[in-house]
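I opened this model to look up a few points. My notes follow.

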Amino acid sequence: MRREIPMILTGFVGFVYIIQFFVPHAPFDIMEGLLTDWMLIIFAFAIWLGALNLLKVSLDKIYRKGKDWQYSIVTVFGFLLIAIPGFFFSGGRRFQDPGTAFDYIYQNVYTPLSATMFAMLAFFVASASYRAFRARTKEATMLLLAAFVVMLGRVPVGDMITQWLPEGYRLSQVADWIMNYPNMAGQRAIMIGIGLGIVSTSLRLILGIERSHLGGEE
Amino acid sequence: MFEKLLSIDRRIIFIFVAVALILPLFLNISQYIAISPEVSKIYDGLEELKPGSKVLFAFDYDPPSAPELQPMAEAVLKYCFKNKLKVYIIGLWPQGPMQANLAIEVIRDDPQFADTPPVYDQNYVNLGFMSGNELVIQGMGSSFQSTFPRDYQGTPTADLEMMNGVNNFSNIDYIFNLSAGYPGTVEWVLFAVDRFHATLGAGNTAVQAPQIYPYFHAGQLQGLAGGLKGAAELEKLVGFYGKGTKFMLSQSFAHLTVIFFIIIGNIAYFATRGKKKQ
């Protein structure tokens, strides 16, 4: 029963969602609304579960003095730094209003820290491109040329360099062409492949053929 | 010499990139910004809206993506407030509604809006974040109020004046999604557009934009702005110049720096390849 009940539930919910997509009328629209509400509630619980789990794992690591346990202190400190002012010192439900303690931490700690992490990509991308982007083969050369055109075409300097060229041949326009044709064709091929994969996997789950998510062997 | 060029210390590259990014912030060089058709379509879609039309903003990003997406948000919000469009804000990312608040604070401080600052529940409402990813969009297709029972301040949605007559996507004239990943533009296309036939324009990070082009060309997405260039184009179209335009110079210099180092690396590679074979 531990496997059968989840399998029946998966199949039932899957079929309800498929049918209501094509027949958006009673009783399927009511069932879809109900199931969507349930899932939103489960999602909300999952956030709590995730937050509490993070706290538990980190505190456990500090207690046991596991590998790199010092980082866990920073994690717990960061968690409490934003959670306590958010819950208790930011005006209750209005904690996101400008001027609250939560807003202050969000703007002056969280935003600069996360922006810094992301901004470091610019430096690593430059270094990695210099080391790895070599015209070793015909395909790599084509990729390199496309990258040059898109990188220059996506900034105004590209048009400045090529403004003497006739309309339609300037770097921004060639970059647009690369994005709109070769890129789109490749993206479509990937998306169709992913889509077919999702459909087949979903059908296997709904029909109970795929059982690995239930735990144990198939 | 070429061997040395082949193994430049990465710290030297970092310094060049830093200079390329920082120096242009102090320069005052105006650049011509060409408008791409996909960004132009967003503006065309907004231009078709009459005063009082309802625009739903989905803020699906967090601070790391703000340098690219925040200027887009500010530009389109300014356009909406200037043209008396009603703005409804939600976020599928927890940080989204906070980013919306930051954008509105910037607009409130803008001297151009000194006489007509955006007023809550008259010009805009912020329904806040709701967990559930694409299921939130699915829920909104049935009922906004059951999906968002309260706004971000805790006020019951039913008590908001702007929510009168707004029940689902059929009451929304335009959706503008600002997306940095999942859940984002793809989910809005799959559920709001394909399922509920909403009109959707999107601003995406430069990294994500190439994946979204097929939706634009299939007509599922009305317009698409990608990266900082997309933000600068939007600013030019709506006539409110901001950080998108300002930071384009830094991006130009940074791209040139990356290309410069790739060329150096390739010259050194080809110059030393023959020697290695010998």
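I started with the burial cut-offs: a residue is buried if 20 or more other C-beta atoms lie within 10 Å of its own, exposed if 12 or fewer, and partly exposed in between. I keep in mind that this is a predicted model.

**Ile18(A)**
I found Ile18(A) in helix 1 of chain A, which covers residues 4-22. I noted 14 C-beta neighbours inside 10 Å, so Ile18(A) counts as partly exposed.

**Chain A against chain B**
I looked up the contact next. Chain A gives 45 residues and chain B gives 50 residues. On the chain A side, helix 2, helix 4 (101-132), helix 5 (138-153), helix 6 (156-161) and helix 7 (171-206) each supply at least two residues. Helix 4 of chain A has the largest share of that side, with 14 residues. I sorted the chain A side by class: 26 nonpolar, eleven polar and eight charged residues.

From helix 2 of chain A, the contact uses Gly33(A), Thr36(A), Met39(A) and Leu40(A). Helix 6 of chain B brings Leu135(B), Val136(B), Gln138(B), Gly139(B) and Ser142(B). I sorted the residues of this helix contact as four nonpolar, five polar and no charged.

Notes: Residues are numbered from 1 along each chain as its sequence is written. Chains are lettered from A and ligands numbered from 1 in the order in which they are written. This is a predicted model: local features need pLDDT of at least 70, side-chain atom pairs count only at pLDDT 80 or more; totals for chains, interfaces and linings use all residues. Two residues are in contact if their C-beta atoms, placed from the backbone, lie within 7 Å. Helices (H or I, at least four residues) and strands (E, at least two) are DSSP runs, numbered from the N terminus. Ala, Val, Leu, Ile, Met, Phe, Trp, Tyr, Cys and Pro count as nonpolar, Asp, Glu, Lys and Arg as charged, and the others, Gly among them, as polar.
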